[in-house]
Amino acid sequence: MAVYAIAFIAYAIDLARRSAAATAAADAAAAVPATVGASAVPVAASTRGASASTTSAGVMPPVAAFARGNDGAAVAYGRSPSLRVGVAMTVIAWALHLAADITRGLAAGRVPWANMYEFALTGTLVITTVYLLVLVVSKHDLRFLGTFITGLVLVLLGIATVNFYVSVVPLPPALQSAWLIIHVFVATSATGFLALGFALSVVQLMQARRESMVASAKAVKRSFLATLPDSATLENLAYRVIIIGFILWTFTLMAGAIWAEAAWGRYWGWDTKEVWTFIIWVVYAGYIHARATRGWRGSRSAWLAIIGFSTVLFNFTVVNLFFKGLHAYSGL
C-alpha cells in the first residue's frame with residue numbers, strides 16, 4: 001500500500017504539471033499574434049511527445065506544450081518525470097501485490113479468493129493488472145488514469161485490511177470445487193475491466209463539462225483536462241473495455257448457475273447474491289444496448305457506466321455484509 005501511495009502522489013503531481021502546461025500553452029498562444037505577415041498555421045504533434053507550432057513567418061511559442069485555438073483547446077503533453085515515477089512505482093507495487101496474493105494462497109493451500117479480504121486482495125491486483133496491460137496494448141496514452149486507478153486500489157485495499165481481514169480458514173464444503181477457481185477468477189477479471197471503464201467514464205464527464213463550457217464561450221479554467229483526449233475518445237475507450245468486462249461477467253453469471261446446480265441441485269434460487277449478480281448484468285446490458293441502438297452517447301452513457309460499477313461495489317460490500325444467504329462467504 002505504501003508503494004501504491006507513492007505512485008498515487010506521483011500521478012497527482014503529474015496532473016498538476018498538466019494544469020501548468022495548459023496554462024503556459026494558453027498564455028503562449030495569446031502572446032503569439034494571429035498573423036505574422038500571413039495567417040498562422042498550427043501544427044500539432046503527437047500526444048506522447050513534445051509538441052511545437054509554427055507560423056508562416058517561422059515564429060515558435062517558447063513552450064513544450066501547444067494550445068490549438070482558444071483556452072479550451074487541446075494541449076499536447078509529453079512524458080513528465082513524475083509520470084514515469086508513477087508508472088514505475090505502479091509496476092513495483094503490482095509485483096509486491098502479486099507476491100502477497102501468492103503467499104496468501106500458499107498459506108491457505110488453495111486459491112486466495114474464498115472470503116471478502118482475499119477477494120479484495122485479488123480483485124485489486126486484477127484492476128492494477130488490467131490497467132498496466134492496457135498501457136501496453138492500447139494505442140492511446142492512458143497513463144493519466146493512474147491517479148484514479150491507484151486511488152481506487154488504495155481505498156479498497158485499506159478498507160479490506162482494516163475491516164475485512166481474517167485469518168486463513170478451511171473452505172466451506174460448497175466452495176470445495178474447481179468452479180471456485182473458474183467462477184471467481186472470471187468475476188475478478190470482469191471487475192478489473194469494469195473498474196477501468198468506470199475511471200474513463202468519470203474523466204469523460206469532466207471533459208464533457210469542459211467542452212460544453214468552451215462551446216458556450218464561457219471562461220474555462222485551465223486544467224489537466226486540456227492535455228487529455230476529448231470526451232468522445234474517452235467514451236469510445238470506456239465502451240470497449242466495458243464490453244470486455246460485460247462478456248466476462250456474462251460468463252460469471254453462467255458459471256455461477258452451473259456451480260449452483262452442482263452444489264445445491266438448482267441453477268437459480270433467487271439468493272441475494274445471485275439476484276445482484278443478475279442486476280449488474282442487466283445494468284451493463286442496458287448500457288451497451290442504449291449506446292449501440294438507442295443513441296445514448298455522451299454523459300448519459302457515462303452515467304450508466306458509473307451506475308453499473310456502483311452496483312458492482314454494492315454487491316461486494318453491502319450484499320456481502322448485510323444480506324444473509326447461501327453466498328454468505330464474507331468470513332466475518
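Predicted model: local features only at pLDDT ≥ 70, side-chain atom pairs only at ≥ 80, totals over all residues.
Good morning, colleagues. I begin with the cavities. The structure contains two cavities of 30 Å³ or more. The largest cavity has a volume of about 800 Å³. Its lining comprises 40 residues, and those closest to the centre are Phe119, His183, Val184, Ala187 and Lys273.

Which elements give two or more residues to this lining? They are α3 (116-137), α5 (178-215), α6 (231-264), α7 (272-293) and α8 (299-322). The largest share comes from α6, which supplies nine residues.

For α7 and α8, the angle is about 175 degrees and the axes lie 9 Å apart. Angles over 145 degrees count as roughly antiparallel, so α7 is roughly antiparallel to α8. The residues of the contact between α7 and α8 divide into 14 nonpolar, eight polar and two charged.

Finally, I consider a single residue. Histidine 97 belongs to helix α2, which spans residues 81-108. Is histidine 97 buried or exposed? Its relative accessible area is 5%, and histidine 97 is therefore buried, the cut-off for that class being under 20%. The side chain of histidine 97 makes a polar contact, at 3.0 Å, with the side chain of tyrosine 4.

Thank you for your attention.

Key
Residues numbered from 1 in each chain as written. Heavy atoms only, no water. 1 Å grid on protein atoms, 1.4 Å probe; cavity = no way out; pocket = protein on both sides within 12 Å on 5 of 7 lines; lining within 4 Å. Points joined across faces, edges and corners; volume = space filled by probe spheres on them. Helix = DSSP H or I, 4+ residues; strand = E, 2+ residues; numbered from the N terminus. Axes fitted to C-alpha atoms, helices over the stretch in contact; angles between N-to-C directions. Parallel < 35°, antiparallel > 145°, perpendicular 65-115°, else oblique. Nonpolar A, V, L, I, M, F, W, Y, C, P; charged D, E, K, R; others polar. Buried < 20%, exposed > 50% of the residue type's maximum accessible area, 1.4 Å probe, protein only. Polar contact = N/O pair within 3.5 Å; in protein donor to acceptor, adjacent residues only side chain to side chain.
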